[in-house]
Amino acid sequence: MTNTPNTPEVVDEPTRRRTLTGLWALVPYISAIAVLLLSINQLFNFGFFVGYTFLSNQYAYIIAGFLLPLIFLMWPMTSRSSKTSVPLYDGILAAIMMGICFYFAYSSEKILDEGWEYLAPEHAVYMSYLFWAMIFECTRRAGGIAIFAIVVVISFYPTFADVMPGPIAGAAATLPDTAIFHTMSSESVLGIPLRAFTNLVIGFLVFGVALQYTGGGKFFINFAFALLGHVRGGPAKVAIFSSGLMGSMSGSVITNVLTTGVLSIPAMRRVGFSRSYAGGVETCASTGGVLMPPIMGATAFIMATFLEIPYIDIAIAAIIPSILYFFGLFIQIDAYAAKNDLKGLPREELPSLKQTLKEGWHFIAVFVILVWLLVFLKQESVAPFYATAMLIIINQIFPYSRWGWEDVKKFIMGTAALFAELAGILCGVGLIVGALAVTGMSGTIANDLIFLAGGNALVLLVMGALTSFILGIGMTVTAAYIFLAISLAPAVISAGLDPMAVHLFILYWGMLSFITPPVALGAFAAATVAGSKPMETGFQAMKLGSIIYFIPFFFVLNPALILQGDWYSIVKVVITALIGVWLIASGLQGYLAKVGKLDIHPQGKWIIRGLVVAAGLALATPGGGLIPITNYELGALALIMLIPAVAIVMIVNKKNAALPGT
């Protein structure tokens, strides 16, 4: 398959992981294969264990017993620890963690029958202390110091909840009671996060890794280059298209940046985009890919578990918001390219569309089959396993993409690392869920928030947006979402807003940490590829992806944007939203199609841009409900702002064009 010149095919994601060798390297292989086989047996009901069925808590303990020890082996204790050999203490910690998990798995029936989560034997209490402490370390190594600190403080909250101020006070529990509740109840470590992982997420993670290692990223970017590489600003539009496709199937922002970005960013640089702008484009495109169905990352699966609905309902609801986001990004890039006269790449340097499809048709076929299994057959638990099997089988047929033994080992190792990292973080997040549950805070905090907001749903939404963003800075998106789904979502829903829209609102605002400084993890990854300054790249990404700050408010105010309601309302709201997003994006970049540059005066340009953006916001904002203005009044207001601005720009641009030498 043709590549753009001077760009590598594969760039491995930079990692803090240890490179395992010798006998230690066998452990991740064994663990990943064991987890896959257990998951397949559980979901397909194959009956590998004749005459025996795992209890739900037993199954979760076993999965944890295979994955959590890997964190001690694959992630060094400190940055100064060896990256090539496993210290004795890490080997001991891994063995202890496995022993505890399998002991609890062995005792799972007693835990349920004898109510150990409330009154456990003394030895089980001490093992719970140890398990609790080791989960802290797993969370620190896998998720970083910020989420570790949050998990530690909140998980101990039940021990001092009774002395906290009124709004955050709760029922207290002793240290032993807190420990056994965390480790043995179905509402903490074994709660919603780990349950979603074991029942839904595993299959989609495997599919994402298989897609990466079979060349999916390379196909999608070549496909995008063949379609769009020649148009103005073509490489940037390629980044949107390829990252949207890759991200929607891999579910990872960082992986997406480092899979497609290594090809799109150098191409953007060739046609005149600055390093930071190119990095910002790739960051926004990769972040949007994770919000694009059919696969939206682990958080969306946890959302399905929270809402007790099929995952596909969430994927369908996310279609229009993700289209609005990518449309706004596309318009911004097109406007920037037109304003700065940035061309595309020469056609002769681009991949052949026919050859690209000939060599990569199976990626599209697998994508279609996955959607068919999810949407029409409602097989969300098993669909990714079928899709992965088909992808690998077809990949082995073609000589130019066939895996060798080394490729198989890389695939299994990549799968093991992804499983372990997410399991460690989710077990830590489970401690947060358990702390809120045992103190009763998950039931009372909603009432406290409603009281603080004075019962005003709009105030609650703004509180939710700010809290989601702040938590997204210090926690993973999944952790921030879970915390707010327990604490904030019930309050907003009780104010009369749609549950699906509220949960998607929280997810979108949590994702903003990938493109917003000071954290901007996606932007920092893109800056590494682009060779740009991380903070500068983050601010470019923030500007380019600015429409994502508004979209959650649009669909939470009118659920028609998440396909809730009659078709007439949906079509009307979607059309006005698209026009509004077009105006917002054009105003932000200072160029409006068919009108020209909006920067007609050094100072006056901000007034013109502001009027165009304000007109777009008026059109995109759903009227009625919480907004005390109808859609027709908002439309009239948009025209009042837009018509004078456009008229002035057209007159000035026409005069400038008529001047000699222009």
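This report walks through the nonpolar cores, a surface patch, one threonine and the salt bridges of a predicted model.

## Ground rules

Residues are numbered from 1 along each chain as its sequence is written, and side-chain values use heavy atoms, without hydrogens or water. Because the model is predicted, local features need pLDDT of at least 70 and side-chain atom pairs count only at pLDDT 80 or more, while totals for chains, interfaces and linings use all residues.

## Nonpolar cores

Let's start inside. A nonpolar core is a set of buried Ala, Val, Leu, Ile, Met, Phe, Trp, Tyr and Cys residues joined through side-chain atoms within 4.5 Å; buried means under 20% relative accessible area, exposed over 50%, and partly exposed in between (1.4 Å probe, protein chains only). The largest core has 212 residues, and Phe197, Phe273, Leu504 and Phe555 touch the most other members. Helix α18 (residues 405–439) gives the most to this core, with 18 residues. Helices here are DSSP runs of H or I with at least four residues, numbered from the N terminus. A second, separate core of 15 residues includes Leu583, Val595, Val612 and Ala645.

Beyond its neighbours within four places in sequence, Phe273 is in contact (heavy atoms within 4.5 Å) with Gly233, Ala236, Met268, Ala278, Ile333, Tyr336 and Leu342. Helix α26 (residues 547–557) is mostly covered, with ten of its eleven residues buried; among them are Tyr549, Pro552 and Phe555.

## Threonine 439

Thr439 also belongs to helix α18 and counts as buried, at 4% relative accessibility. A polar atom of the Thr439 side chain lies 3.3 Å from the backbone oxygen of Leu436. Leaving out residues up to four places away in sequence, Thr439 touches Tyr157, Pro158, Ala161, Gly170 and Ala171.

## Salt bridges

The structure holds eleven salt bridges, each a side-chain nitrogen of Lys or Arg within 4 Å of a carboxyl oxygen of Asp or Glu. Asp90 and Arg18 form one of them (3.1 Å, N to O). Asp90 lies in helix α3 (residues 88–106) and Arg18 in the segment before α1 (26–44), so the pair ties together parts that are 72 residues apart in sequence. Asp90 is buried at 0% relative accessibility, and Arg18 is buried at 3%.

Glu137 and Arg141 also pair up (2.7 Å, N to O), and both are buried. Salt bridges with shared partners join Arg18, Asp90, Glu137, Arg140 and Arg141 into one network. Lys343 and Asp341 form another bridge (3.0 Å, N to O), with both residues exposed.

How values were computed
Helix = DSSP H or I, 4+ residues; strand = E, 2+ residues; numbered from the N terminus. Polar contact = N/O pair within 3.5 Å; in protein donor to acceptor, adjacent residues only side chain to side chain.
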